[in-house]
Amino acid sequence: MPSTDSPIPRFHLAVPVDDLAAARRFYGEVLGLEQGRSAETWVDWNLHGHQFVTHLAPGRTQRIHNPVDGHDVPVPHFGLILTIPEFHELADRLRDAGTAFVIEPYVRFEGEVGEQWTMFLLDPAGNALEFKAFADDSQVFAT
């Protein structure tokens, strides 16, 4: 994982999970995140220098999806903006682990401003993740 030195502020995000052992397998083994402190009801993870926490919280709410590019995008979702090689390495790692994608890796805005690779998946508790990679990182906020 990258160093915690960052030119931008790091975020803290906590999400509910219904099985901490499954969360440890997914985030620790499948995604390869370094585990930090933990207790009986939560686990801290190093998400590329950001503090990401899985909290035991049985019981889920109704899922919401919004249409984007002909796909049903799960809301809420979170993830990382990676480099293109990191994106494809992660996609391969997820495929090798048998991960079922909500939206398979594909290119959005191909040949246009903001061209990006994107993929969506669910963790074992049903939390939606999106990972993306821009052809030109300076266009992350392009309109």
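## Burial and surface

In this predicted model, 36% of the 143 residues of the protein count as buried.

## Fold and dimensions

Two helices and 10 strands make up the secondary structure of the protein. Their order along the sequence is β-α-β-β-β-β-β-β-α-β-β-β. The radius of gyration is 15 Å, close to the 15 Å that the globule rule gives for 143 residues, so the protein is as compact as a globular protein of that length.

Taken along the principal axes, the box filled by the C-alpha atoms is roughly 50 × 35 × 30 Å. Among contacts with a separation of 6 or more, 55% come from residues 24 or more positions apart.

The protein carries 10 positive and 21 negative charges. The mean position of the positive charges and that of the negative charges are 7 Å apart.

Strand β5 spans residues 64-68 and strand β6 spans residues 71-75. The two strands pair in the antiparallel sense, over five bridges. One of the facing positions is Val68, which stands opposite His71 in β6.

Two residues lie between β5 and β6, and the two strands form a hairpin. Asp69, in the turn, has a positive phi of about 55°. In a regular strand, side chains alternate between the two faces of the sheet.

Technical notes:
Residues numbered from 1 in each chain as written. Predicted model: local features only at pLDDT ≥ 70, side-chain atom pairs only at ≥ 80, totals over all residues. Heavy atoms only, no water. Helix = DSSP H or I, 4+ residues; strand = E, 2+ residues; numbered from the N terminus. Rg over C-alpha atoms; globule rule 2.2 N^0.38 Å. Buried < 20%, exposed > 50% of the residue type's maximum accessible area, 1.4 Å probe, protein only. Contact = heavy atoms within 4.5 Å. Lys, Arg positive; Asp, Glu negative; His and termini not counted. Charge placed at Lys NZ, Arg CZ, Asp CG, Glu CD. Pairing = 2+ DSSP bridges.
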